[in-house]
Amino acid sequence: MKKLSRIMSALLAVTASGQLYAEQVQGTVTNHDGKAVVGATVEIAGTNKVVKTNEQGEFTLEVNPGRYELHVVAKNFVHENVEVNVQANINAQLQVSLDKSAIEIIDVNATPFHSSNIESALPITVLHGEKLRMRQANTLGDTLKNEVGVHSNFHGGVASTPIIRGLDGPRVLVTQNGLDAGDASRVGPDHAVSSETSTSESIEVLRGPATLFYGSGAIGGVVNVVDERIPSSTDTKGEWLAEHNTSNDQELVSGSFTSGVGNVAVHVDGFYRDSENYTIPERNGVDEVENSAAESSGFTLGSSYILDNGFVGVSYQNLEQEYGIPGHSHGDESIEVFADLTQNRYQLLSELSFDNSVIKSLNTKVAYTDYRHSEIELGVVGTTFDNESLEARFELLHQDFFEWRGGLSVHYKQSDFTAVGAEAFTPPSETNSIALAWIEERHFGDFLVQLGARIERTEITADNVRLPDIELVEQEHDDHHDDHSDHAHHDEHVDGATRNFAVEHVFTPVSLSAGIVWDFMDGYNLGLSLSHSQRAPSSAELLSFGPHIGTGSYEVGALFELHDDHGEAPHFGLTESDVVMETSSNIDLSLRKFKGDFGFIFNAFYNQIDDYYYERATGLAASDGHDHDHGDHDHGAHDEHEDESNLPLYVFTAQDVTLHGFEAQAVWQVTDEFAWRVQGDIIRARIEGEGTELPRTPPARVSTEFSYQGDTISADLLVSHYFEQTHTAPLESSTGSYVMVDANVNYHFSLGQHDLSLYLKGINLTDEYAQVHTSFLKELTPLAGRSLAIGIRGEF
């Protein structure tokens, strides 16, 4: 915290003099019928100076003489960029007319320019407002699973991370206001994401490599959770909700409040969620998923000091979670195991604008996170995961130079990860990285060119890496029961000596990106993005060696090599191959129509990744190392030794792979109240030279959505068809097709200064039995059956 205090003091000192503005930019924002657009946001591009239009659609900005680009934003309208040249002693007068749009256009916080999703060469999706509240689920992955190009690695409703175009884990970065969430969700799918969606303002999804902004860990994409924990204004506003869900008897309450006095703004938010095991359509006498109950709570306190040219603020967040880990078993025993999670997070954010001849703005983001979760089995702590991280990013944007706008970013990240206990399949390790990035963009008539480069130094160190001598047996594979423990038993075996040694690996990932957006017709554009990105393997991918009961597998990192030739018994040794980086060459092509009552977005992508790290099935199995005699069995029946349960053995292997796919969405605004949306996506992921598929690749799907938005009633019906997935990896079973029907209806009314909504939402209304192909436990944890949620939410 002393480091954060020193950084904040320095930022306040830099801006203590304030700024004085001499002239005004005045204007009116209307639609094409000449009617005033109320509440439109008018911003000076690249700065933090923002105002909203009044009831007459009027706005006023105070500026110094000079040349500016105004960015005008309003809901259901196309964004407008207007250039204005302000002269001394003359107030500029503007008239801005906005075009209607069926496609939702929104500015994105995840990029330094805060440009809209339509202006980006990289495909971006933003979930916010009522749609976010109606899609909100217990986990981040399940909240986003209906967004185009995004799936969830569903883990029994208690944990899930987003899958973007077939990539997840260490390739998809989850951030909170632009900084790493700092949890352990990238280590395993049974580890929950620490970001809470019920108190968030919006969730942004960058599909495709976002390494320029976030580093090599974002080679597959970024999910940025945006909230107001550090307020940028003293405006008073708040939001709250209370909800009950029938599937798991879940109770949820959450709320947030922001206000301020003078130059000091304050924010507070909090939530509480409690749920039982969730129910499923009955099959073979089973109608609920055991050990899927969860309880969580958290709060955030934040404050900022508002300056004439921006703000500087800090926040503190506390998160507490207890959740069951479904599928946690040893042999034929089903053991109830739950995770006890605690996270404390301190964050500093600052956005400052300048009027000098060189620097336009300085954005600062700093976060310190202390994360711990313990897995408790039979009342005893079995394994504890700790992750202490510090991250800082400074973005220095320059004044427009020959009409180019952009700047430099310096990014530092340190992570100290420790796992201790019976299921600590990764050794303690420390990861340090520092990077320098450069980004620029410029308009050339109807063309917007976006360029960037980043160089990074990543160091992974571990002082006590284990290489145990384990016995390997042939896996008894069951085509109808993959992804789980092998139940073959064998004679008693005492592991041989365990070797311990220290490792240090240094990588220098380089990323390059070029994009172009061509407005080839009024209301149409074509986006092309080319990127070359490199990623250093994570410590888990390199150093793992042990049972991962949450995924029902025995995991071994790429630092080790399996030897099973020359008639020898299978055994592991250190790899003789070089430890290499993943290298991705990605091309993205987007066609968009965004004006008028009908709009569409089509995306096609091709991603060639050399030395892609994935868990390859070996056909062997290894003991989970647990004592399965708990004192209530007949010892004689076990021939005076304990049974051992085997887990299928997976080894992290680097292979060249190709991923390509197509995404489409079309929206028809039939009337002012009624809209119809159709969308779909498909992806193929193949290992080159072998003709095999990557494991757990999402299936193709198509969805249709009908929406009604009236003055007092709003409603939504979503029907999604997931196709059968037969493109499977070795030892992986196919997954059947299914149809999900979801709906919601909202009744809106006002009470004093409150805008209230009573809502009812239904999930899986046809009570379809559905297995998620991307889940490690698809057979043990199918999707929930029919459920209804009733709630009330308010805003002021």
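Student: Why is Arg696 called buried?

Tutor: In this predicted model, Arg696 has a relative accessible area of 18%. The cut-off for buried is under 20%, so Arg696 with its 18% counts as buried.

Student: Where does Arg696 lie?

Tutor: Arg696 is in the loop between strand E42 (692-693) and strand E43 (701-709).

Student: What is the phi of Arg696?

Tutor: Arg696 has a positive phi, about 55°, although it is not a glycine. As background, most residues other than glycine have a negative phi. Asp767 also has a positive phi of about 55° and is not a glycine. Asp767 belongs to the loop between strand E46 (754-763) and strand E47 (787-795).

Student: Is Asp767 buried or partly exposed, and how do you know?

Tutor: The relative accessibility of Asp767 is 31%.

Student: Now the rings. What makes Phe154 and Tyr278 an edge-to-face pair?

Tutor: The structure holds 24 aromatic pairs, and Phe154 with Tyr278 is one of them. Their ring centres are 6.2 Å apart, and the limit for pairing is 6.5 Å.

Student: Why does Trp404 count as partly exposed?

Tutor: Its relative accessibility is 21%, and buried would need under 20%, so Trp404 counts as partly exposed. Phe444, at 37%, is partly exposed too.

Student: Which residues is Trp404 in contact with, leaving aside neighbours within four places in sequence?

Tutor: Its contacts are His398, Gln399, Glu440, Glu441, Arg442, Phe444, Val449 and Leu451. The C-alpha atoms of Trp404 and Glu440 are 6.4 Å from each other, though these residues are 36 places apart along the chain.

Student: What makes Arg171 a charge over a ring?

Tutor: The charged end of Arg171 is 3.9 Å from the centre of the ring of Tyr612 and sits over that ring. The distance limit is 6 Å, so the 3.9 Å of Arg171 meets that part of the test. Arg283 lies over the face of Tyr769, at 3.7 Å from the ring centre.

Student: What joins the side chains of Thr125 and Arg207?

Tutor: A polar contact of 2.4 Å joins them. The limit for such a contact is 3.5 Å, so the value for Thr125 and Arg207 falls within it. Thr125 is found in strand E8 (residues 124-128) and is buried, with a relative accessible area of 11%.

Student: Which residues have the most contacts inside the largest nonpolar core?

Tutor: That core has 29 residues, and those with the most contacts inside it are Leu472, Phe545, Tyr554, Val556, Phe560, Phe572 and Leu649. Among the elements that give two or more residues to this core are strand E29 (447-467), helix H5 (539-543) and strand E40 (646-669). A second, separate core has 21 residues, including Tyr68, Val72, Val86 and Val96.

Student: Where is confidence lowest and where is it highest?

Tutor: Confidence is lowest in helix H1 (residues 2-14), with a mean of 49, and highest in strand E44 (residues 713-722), at 98. The mean pLDDT of the protein is 88, and 91% of its residues reach 70 or more. Over residues 479-495, pLDDT stays under 50.

Note on methods. Residues are numbered from 1 along each chain as its sequence is written. This is a predicted model: local features need pLDDT of at least 70, side-chain atom pairs count only at pLDDT 80 or more; totals for chains, interfaces and linings use all residues. Side-chain values use heavy atoms; hydrogens and water are left out. Rings of Phe, Tyr and Trp (its six-membered ring) pair if their centres lie within 6.5 Å; planes under 30 degrees apart count as stacked, over 60 as edge-to-face and the rest as tilted. Buried means under 20% relative accessible area, exposed over 50%, partly exposed in between (1.4 Å probe, protein chains only). A charge sits over a ring if NZ of Lys or CZ of Arg is within 6 Å of the ring centre and within 35 degrees of the ring normal. Contact means heavy atoms within 4.5 Å. pLDDT is the predictor's confidence in each residue, from 0 to 100. Helices (H or I, at least four residues) and strands (E, at least two) are DSSP runs, numbered from the N terminus. A polar contact is a pair of N or O atoms within 3.5 Å; within protein, one must be able to donate a hydrogen and the other to accept it, and residues adjacent in sequence count only if both atoms are side-chain atoms. A nonpolar core is a set of buried Ala, Val, Leu, Ile, Met, Phe, Trp, Tyr and Cys residues joined through side-chain atoms within 4.5 Å.
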